[in-house]
Amino acid sequence: MWRVIKSVLAAFFGVQKESRRHEDFSRGRASHFIIAGILMGGVLVLLIALVASLAAR
Amino acid sequence: MASHLPPRPTPQQHQADAGGMAADDHHHGPRGLMRWLLTTNHKEIGTLYLIFSLTMFFIGGIFAMVVRAELFQPGLQLVQPEFFNQMTTMHGLIMVFGAVMPAFVGLANWMVPLQIGAPDMALPRLNNFSFWLLPVAFALLLSTLVMPGGAPNFGWTFYAPLSTTYAPPSTTFFIFSLHLAGISSILGAINIIATILNLRTPSMRMMDMPLFVWTWLITAFLLIAVMPVLAGVITMMLLDINFGTSFFNAAGGGDPVLFQHLFWFFGHPEVYIMILPAFGIVSVIIPTFARKRLFGYASMVYATASIAILSFLVWAHHMFVVGLPLVAELFFMYSTMLIAVPTGVKVFNWITTLFRGSLTFEPPMLFALAFVVLFTIGGFSGLMLAISPADFQYHDTYFVVAHFHYVLVPGAVFAIMAAVYYWLPKWTGHYPHTRLSQWHFWLSVIGVNLTFFPMHFAGLAGMPRRIPDYALQFADFNMITSIGAFMFGASQLLFVAVVVLCVRRGEKAPAKAWDGAEDLEWTVPSPAPLHTFETPPHFEPHRH
Amino acid sequence: MVGQRSDDTRREIRRTVAKTLVALVGMCVFAFALVPLYDVFCQVTGLNGKTSNQAQALAHEAVDQDRVVTMQFITRGSPGLPWSLEAHTRQVRVHPGQSAEVHFSFENLGDQASVARAVPSVTPSQASLHLRKLACFCFQNQRLAPGERFEAPLVFQLTRDLPADIKTVTLVYTLYRQDAAPSRGKGTSTRGGDA
Amino acid sequence: MRMRLVWTAGLVACSGLSGSVLANGWNMPVGVTDVSREIHSLHMTIFWICVVIGVVVFGAMFYSLFRYRRSRGAKAANFHEHTTVEVIWTLIPILILVAMAIPATATLKTMYDTSEADLDVMVTGQQWRWRYDYLGEDVAFTSNLATARSQVSGESAKQENYLLEVDEPLVLPVDRKVRLLMTSDDVIHSWWVPDLAVKQDAVPGFVNENWVRINEPGIYRGQCAELCGRDHAFMPVVVKAVEPERFDAWLAERKEAAAQEAMGVDREWELDELMERGEQVYGTICASCHQPDGSGSPPAFPALAGNQAILDDPDYHIDTVVNGVSGSAMPAFRSTLNPVELAAVITYERNAWGNETGEAIQPAEIAELLDEQ
C-alpha cells in the first residue's frame, strides 16, 4: 500500500528512479495505481483549494 | 501472445476471426480505390490518416493565409468581417481536429504496432471505420462555407450564446461534423489502447515501451475521458438551438459561463492530447541522434502521467476574466503553475540527453531541437499567462495567440514533421533529400518565428485577438507577422516536395536507417513490407 | 496478422475494449451530470451569482446593528419585449440579519399580452449565498395584458454571515420574454427585422 | 561551426530586437492606476524570471549541441539517470513558482476588493457598442465607434486614433474609486482598457464587477476583447479621466442636456431637420448592419432601401425600431435612443436612398407612443 502511494506521489512529482519503476511495473497492478492516482488527485484538489481559500482570507 | 501459431490462417480461423478482413487478402482482394476504401492494414490506414492530415493542414493553412492577408495592413481590403470570422473559426477547427489530431493518429497507426512488435492494430476493421469518418466529417464542415449565412463564425472555442442564439444556420452541421470527428477519435483511442495493452511482443513489458507508445497510451486515455464531454457540450448546444432548452441561455435560467466551464474541461486536456504524442516523438528522436539513452526515462513516463492528471484541474485558467470568485481564481492560478513543473522536467531531461552525447543533425533531429527551444518559449509565455492578475491584461490578446501558436506550430506540428522525416526511410525505403529538407527546416523556423514572435508585442501593446481590422499602432508588427506567415506557408510546399520525392526515389535506406536508432521498427526491412511481425519478434529488454 | 491471434489474445482485447467502453459511457454520463453538478456547486459556493429560485424562510437571527450594507437594485429590459420594470427604491441600507421589503412595478407597454420573467443576478457573487429571498416576483413568470401594470414586492434578508468585506450588494433583474420562444436556430433569415 | 554562428546570431538578434522593442513602448503599458502598476511589475518580474531560466536552459542546450557533436569526435557517454539532479531541478521551479504566487495573490486580492466605491457605473455591451449608466445619477448614453466607414474601406486616410475613437467617451473622475458593473444585452463582450488594467467579461443575464481608481487625467483607449460577432473589431472603449470638480460639472451638464433634449420633443420638427439629425443617428447606430446606403446584408440584415414592408406601414416600422425583433439581431432602441433620435432616424430611413415617402415622423408622436403604448 505504502509503496503504491509512494509511487503515485513520485508520479505527481514527476521524478522516479528506474529501479523503482521496474518494481512498480513488475509487482503492481495497474488498477491499484489508477485508483491511487485518482484518490491522490482528489487530495491534491483539496490541498490546492485549502491553500487558495486560506490565501483569499 | 500467439507466438507459436503459424503465420497463415487456415480458412476456418480466418472466418472465425473478429478482424475478418485479413490484410493478406489485398493481394487477391479489391484493387485501386476500393482497396484503399476497404483496407484494414495499419500501415495503409496510417498512410491515409497522414495524407488526410496533410490535406487539412493545407486547407487550414489557406484559411490562415486569408486571415494574414487581410491583416497585412489596417483597414478592410480583401474580406468582410463576417467572412474573416468564418476564416479564423474554420482555421482553428480544421487545424486542431483535422490536421494535428489525425496526424498523430496516423503516426500511431503506422508506428505503434511496429514499435511494440505487433502484426497490426487490435481492431483492424474498426480502424478503417474510424478513418473514413474523418473525410465525411470534414467534407460536412467545409460544406458550411457555401451554406446560406455562411460557415461557423464564432471562433474555434464556439462560446455560447454567440454559437447558439446568435449563430448561423450552418451551426447544426458544424455540431454534426464535430460529433463524427469525436467518434473517430474515440474509436481510434480505444483501438490504440487495446493494441498497446494486448499486442506487445511477449518479451516487451510496459516499462520497455518506447516513449512514443507510452505518451500515446496516456493520450488515448485522455481522449476517452474528454471526448464525451465535448460530445455532451455540443449536444447541449444542439438542444438549445433546435429544441428550446436553456443550458446556456440566461433567459431560461441557463448560464453562458457554464458553456465555458464544460468546453474547457474538455479543451484543456485537448491541448495535452495535441502535445503529449509530440513529447513522445521528441523523446524517441533525440536519443537516436545523440546516440545515448534517454535521460530519466522513468521520470518522463511519470511526468507525462502527471501532466495528464493535472490537465483536468486547470481548465478555468482560460476563464480568468469571466468573473470567477477570488478563491476559484487562486485555485486555478496555483494548479496551473504546478503543471509547469513536470513540463520543465521533460525539457531538462531532453537537454541532459544531449549532454555528453555524440550528436549529428539530420533533418528529424533539426526539427526535434527546434521543438525543444520553441516549445519552451511557448511554455514561458504559458507561465506568464498563469499569473492570474497579469492575465487580466494578456487575456484574449495576440499574446495568447502567440503563446498557443508557439506550443502548437513549432510544438505539435514540428514534432509531426520531425516524426515524418524520422520514419520516412522506414515507410518509403528512401532517405528524404537532405538539402531540400534542410531548406524546408530553416525556412520553416525563420517563418514561424517571424510570424509568431511579433504577436507577443502586438498583444502586450493591446491588440485583441480575432479582429479583422486594427488600430494604426499595431500595423508594423502585423505586417511582419503576415510576411512571416506567407513565408511559412510557402515553405510547406517544400515539405510536400520532399515527401513526394522520397516516395519515388532517393538514397536507399537500410533496415536500420539511423545508426543510433534502437526500437523494434528498425529491425524490419525498409520500406516496411505490408505485413510485419507476423510472428512476435524477439525483444531485448533494458534498452531504454 | 490478425488471423493468427490466439483465443487468449482475442479475449484480452475484448476485455480491454469492454473496460474502455465502460469508461466511455461513464464519461458521457458524467458530461451531462456536470450540468446539475455545476448548479449545486454554484449554490454551495456562490460561483455565478445566481440566487435560489424558491422562496426561502427567514433566518431568525439577531440583527447586526453595527454593520450597514447597501443593497442596490437595478432593472433591465431586453430587446423585443415592450415591458418596463422599475424599482421603486434604487437602494436601501440594511443591517445584516434584518429583513426588508422593496417594490417593483412591471408594465406591458406593447399592444399584445405577453409573458416574461425577471431573471436575477447578484454581485459580488458570494453575496448570493447570504441573500435570502422570502418573497419575490422572480420565482415565476408574469403574464401581462396590453397596458397592464403590476406591482410586486421583494422581501429579502442579508444574513449575518455575509463576509465582512462586502459592503455593497447589487441585485440586477433582467426581463426575459418567456412565451414567444425566440426564433433561435431557425436561421439568420428570420432574424434582422426590417429596420 | 556555421550552424553555431547562425544560432548565436539568431539569439543575439532576437534578444536585441526584444530589448529595443520593449524600450520603445511595445510592452504592456504601465498604466495610470495602482493596480495597473502592480500588474506591470508582476509581468516584468515573471518576464525576467523566464529570461534567466531561458538563458540557463538554452545555454546548457547550445553548449551541448556545440561541444558534443560527433563531427568533433564526441563519444556518447552512458548515463541515463540521476535522482538527486532530477529532484533538484524539480524543486527549484517549485520554489520560483511559490515566490511568484505570493505577490500575484496579493495583487489579485486588491483587484477583487470592490467595496466602498464613490461612483457606480453600469457598463452594458451591445452588438456593437457600449452603453454606460451612471447609477443613481440619471445619466446614461451609448458610446459608438466614431471612425468614418470611409477610413475603414480606405477611401479616406486613416486618422491617428483609427478604430479607437468614439462619439461619446465614458467620463470618469480621477482619484475616486469607481465600481464598474458589467453586463450584456446579447452575446458575451469584454470591456478592456489596457492603461486601466481592467478587462472584464460582460455576460448576458449576469453581472460582473471590477473597479478602477485613475491617478492621472487623460484619455485612455481600449477595445472589446471577446469575439462578439461581426463588428467585434469596431466597438472601442474610450475613457476620459478628468479632475473630480470637472467631473461633477460635466455630470450636471449632462443632466441639463437630457432635460433640453426632452424639451425638443414638444415642438414640431421640419423634415430637413429630422433628416439631418437622422442621418447622424443612422451613421452611428444602424449603418454597421444595414449599410450606409441602406442595402443591408441579407439574409441577416434586411435592406431598408426599397423595403415595402416598412414603407407601406409606418407603425410597423416604428414598432420594429422601438421594440426590436425578438430573437433576432435587431435590438430595441426604446431605452438607448430618445424620442427625438428615434423620430429622426425613422424619418431618415423613410426618405433616404430613394425611399420617398415624404413623411416626417414627429418626436412628439414617438414620445406619446412610448408613454402610453
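Hi everyone. Helices here are DSSP runs of H or I with at least four residues, strands are E runs of at least two, and both are numbered from the N terminus. We are looking at a predicted model, where local features need pLDDT of at least 70, side-chain atom pairs count only at pLDDT 80 or more, and totals for chains, interfaces and linings use all residues. Residues are numbered from 1 along each chain as its sequence is written, while chains are lettered from A and ligands numbered from 1 in the order written.

Let's start with chain D. An unreviewed UniProt entry lists residues 39–66 and 87–106 as "transmembrane region"; such positions use the numbering here, feature names are shortened, and annotations may be inferred rather than shown by experiment. Residues 39–66 are 100% helix, with end C-alpha atoms 39 Å apart. Residues 87–106 are also 100% helix, and their end C-alpha atoms lie 29 Å apart.

Strands count as paired if DSSP finds at least two bridges between them. β4(D) runs parallel to β10(D), joined by 4 bridges, and Pro173(D) stands opposite Val242(D). β9(D) pairs antiparallel with β10(D) over 6 bridges; there, Gly222(D) partners Val237(D).

Now to chain B. Helix α14, residues 398–428, has a kink of about 40° at Tyr422(B), shortly before Pro425(B). That bend is the angle between axes fitted to the seven residues ending there and the seven starting there. Because 30 of its 31 residues are buried, α14(B) is largely enclosed by the rest of the structure. Just after α14(B), Gly429(B) takes a positive phi of about 85°.

How values were computed
A residue is buried if 20 or more other C-beta atoms lie within 10 Å of its own, exposed if 12 or fewer, and partly exposed in between; C-beta atoms are placed from the backbone.
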